[in-house]
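Please read them alongside the sequence and the model.

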Amino acid sequence: MAQTGQHPPKPSGNGAIEHYDAIVIGAGVSGLYQLYKLREMGLSVRVFEDAGGVGGTWYWNRYPGCRFDSESETYGYSWSEELLQEWDWKEHFSGQPENERYLNFVADKFDLRKDIQLDSRVSSAVYDEDAHCWEVQVEGGQRARAQFLIGAVGVLSAKYTPPFEGIDSFKGQSFHTSSWPKEKVDFSGKRVGCIGTGATAVQLIPIVAQEASHLTVFQRTPNYCAPLRNSEVNPEIQAVWKANYPKIHKKCRETSAGFEHEFDPRSALEVSEEERLALYEELWALPGFTKWLGNFHDIMTNQEANETFAEFVRNKIRERVHDPEVAELLAPKDHPFGAKRIPLETHYYEAYNRDNVKLVDVRKAPIERITPKGVKTQDAEYEFDVIIYATGFDAVSGPLTRIDIRGEGGQTFKDKWANGPRTHLGIQTAGFPNFFIAASTAFCNYTVCAEMIVEWIADCIGYLREKNLSSIAPTLQAEDAWVEHSKELASYTLLTDTKSWFMGRNIPGKAPALLLYANTVPEYRKECREAAANGYQDFVLQ
């Protein structure tokens with residue numbers, strides 16, 4: 001889409017070093033708000049953004065069907081009443097084009113572009129221990145220094161494509177869903193192959209199926225997909241939202257996962273089967289993540305309780321897919337409901353009832369290679385005009401470890417996180433002073449948690465400046481305690497044995513570790529608030 005407003009030109013790498021109070025990597029949801037907060041405090045800030053526009057995930061993920069799985073009224077920023085009143089959401093679960101427009105609207109309204117440099121991929125960041133500052137290098141040679149460095153790179157921004165043999169030999173078009181072209185891709189009359197059936201593919205497949213002459217879907221692991229039940233927002237609902245935004249955001253801050261949904265305090269096993277099924281049917285008829293986050297509290301901690309709902313979902317899949325064999329391929333049986341991200345879908349299962357859609361089980365017949373004509377599995381070769389890689393992300397740690405970040409003593413961030421994320425509060429890592437991670441790793445509505453983290457970082461920087469301190473980093477003891485605390489919380493859930501991006505098991509060679517923080521939003525908020533209220537006693541202040 002065309003960009004409005006101005007952004008600074010990209011300087012050439014001529015050897016000069018620019019100086020700022022803070023550097024932010026990324027101009028997505030977190031990065032834009034971080035820029036606003038720091039600039040509000042009077043800091044000079046430069047944001048380096050790899051993309052050609054602002055928006056982060058909503059810039060890159062332009063694939064057909066991409067949209068929120070959070071309710072629109074809860075995903076938008078809560079920090080500006082004026083913004084809340086000016087912006088009208090068109091759908092209850094907003095699509096990518098509107099989401100990108102929204103974030104551009106924010107950038108223009110608050111005049112953020114003048115401090116954002118687009119098309120600027122940060123290649124390295126090195127901490128200068130004597131000067132207590134970071135030196136950042138952008139691809140092309142440009143260098144900049146700042147006391148504070150904030151990684152607002154998101155949790156799902158480092159795309160992953162399996163290293164299929166022959167991947168460069170394919171003669172047709174190929175796309176990864178997270179780097180989709182701005183121009184519309186025309187599938188009409190084309191044979192299309194889609195590799196993957198995660199949340200992205202579930203949004204994309206029904207639309208491609210309608211346009212393509214034939215679609216072949218390669219599935220490794222089926223998912224428990226739940227109906228999105230999206231609809232347009234009428235003026236009456238819009239008015240209700242605008243009159244009640246303070247209440248909406250208050251509720252989001254108080255619920256376990258930062259949505260308007262809250263778990264049922266009862267156990268799935270303490271009610272009768274009739275009562276249990278009645279609740280399941282009620283939840284199923286509702287939009288969004290209600291099926292996940294408004295369910296009995298123990299479906300995420302008790303295998304027997306979880307299975308009651310998992311089988312309910314499998315039966316819903318069987319009802320919608322006409323071919324019993326295909327239905328069973330689409331019905332997950334190897335992991336609990338909710339142990340992987342729950343894709344929200346619109347007509348996904350009905351796509352497999354179409355004559356022009358074929359499902360291939362790559363567990364039974366693995367993909368051997370990509371050929372000039374298409375995809376070769378153990379059993380057959382499929383010829384395509386287009387291949388779509390809906391193969392996901394090197395989540396949470398990937399966006400950071402792909403940058404050459406070096407802290408005290410030259411230690412690399414990649415080595416520090418080799419066995420999983422090592423932080424205190426999910427925000428800072430020992431040995432990397434003044435480096436903050438502005439990305440929500442809690443199980444929550446992203447913007448709700450991201451705002452809180454951005455505000456914590458801004459308050460921390462304000463504290464350092466007020467006390468005339470030069471640096472902050474957590475103690476190794478605090479970091480060790482947080483890692484163990486996070487592992488303990490994870491052990492109470494059904495997440496740790498599942499092959500998912502939650503655990504990093506979708507990436508070959510990546511050490512398995514729960515990449516998200518398995519605590520409630522109010523408890524996480526409390527932990528962060530107490531760390532600051534206690535004078536940052538678990539941190540090294542210099």
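Throughout these notes, contact means heavy atoms within 4.5 Å. The model is predicted, so local features need pLDDT of at least 70 and side-chain atom pairs count only at pLDDT 80 or more, while totals for chains, interfaces and linings use all residues. Residues are numbered from 1 along each chain as its sequence is written, and side-chain values use heavy atoms, with hydrogens and water left out.

1. Leucine 293 lies in helix H9, where helices (H or I, at least four residues) and strands (E, at least two) are DSSP runs numbered from the N terminus. Its relative accessibility is 9%, so leucine 293 counts as buried; buried means under 20% relative accessible area, exposed over 50% and partly exposed in between, with a 1.4 Å probe and protein chains only. Setting aside neighbours within four places in sequence, leucine 293 is in contact with Ala257, Phe259, His261, Glu262 and Phe263. Leucine 293 and cysteine 444 are 151 residues apart in sequence, and their C-alpha atoms are 10.0 Å apart in space.

2. Helix H10 and its buried residues. H10 has 18 residues and reaches 26 Å from its first C-alpha to its last, close to the 26 Å expected at 1.5 Å a residue; the expected span is 1.5 Å times one less than the number of residues. The buried residues of H10 are Ala305, Asn306, Thr308, Phe309, Ala310, Phe312, Val313, Arg314, Lys316 and Ile317. What do the buried residues of H10 pack against? Their partners are H8, helix H9 (290-293), helix H11 (324-330) and helix H12 (348-351).

3. Helix H8 against H10. Helix H8 (residues 273-284) packs on helix H10 (residues 303-320) at an angle of about 55°, with the axes 11 Å apart. H8 is therefore oblique to H10. For these values, axes are lines fitted to C-alpha atoms, for helices over the stretch in contact, and angles run from 0 to 180 degrees between N-to-C directions; angles under 35 degrees count as roughly parallel, over 145 as roughly antiparallel, 65 to 115 as roughly perpendicular and the rest as oblique. On the H8 side the contact involves Arg276, Leu277, Tyr280, Glu281 and Trp284, which meet Ala305, Thr308, Phe309, Phe312, Val313 and Lys316 in H10. By class, this contact of H8 with H10 has 7 nonpolar, 1 polar and 3 charged residues, where Ala, Val, Leu, Ile, Met, Phe, Trp, Tyr, Cys and Pro count as nonpolar, Asp, Glu, Lys and Arg as charged, and the others, Gly among them, as polar.

4. Helix H15 against H17. The axes of H15 and helix H17 (residues 521-533) come within 11 Å and cross at roughly 0°, and H15 and H17 are therefore roughly parallel to each other. Val448, Cys449, Met452, Ile453 and Trp456 of H15 make the contact with Val521, Tyr524, Arg525, Cys528, Ala531 and Ala532 of H17. Sorted by class, the contact of H15 with H17 has 10 nonpolar, no polar and 1 charged residues.

5. Methionine 452. Methionine 452 is found in helix H15 (residues 446-466) and, at 8% relative accessibility, counts as buried. Apart from neighbours within four places in sequence, methionine 452 is in contact with Tyr524, Arg525 and Cys528.

6. Helix H1 against H15. The axes of helix H1 (residues 29-40) and H15 come within 9 Å and cross at roughly 35°. The contact is made by Val29, Ser30, Tyr33, Gln34, Lys37 and Leu38 of H1 and by H15 residues including Tyr446, Thr447, Ala450 and Glu451. The contact of H1 with H15 has 9 nonpolar, 3 polar and 3 charged residues.

7. Backbone points to inspect. Most residues other than glycine have a negative phi. Aspartate 111, in the loop between helix H5 (96-109) and strand E3 (116-117), has a positive phi near 55°, and at 40% relative accessibility aspartate 111 counts as partly exposed. Leucine 425, in the loop between helix H14 (413-416) and strand E18 (435-437), has a positive phi near 70°. Is leucine 425 buried or exposed? Leucine 425 is buried, with a relative accessible area of 2%.

8. Threonine 498. Threonine 498 lies in the loop between helix H16 (476-491) and H17 and is buried, with a relative accessible area of 4%. Not counting residues up to four places away in sequence, threonine 498 touches His335, Pro336, Ala339, Lys340, Met503 and Arg505.
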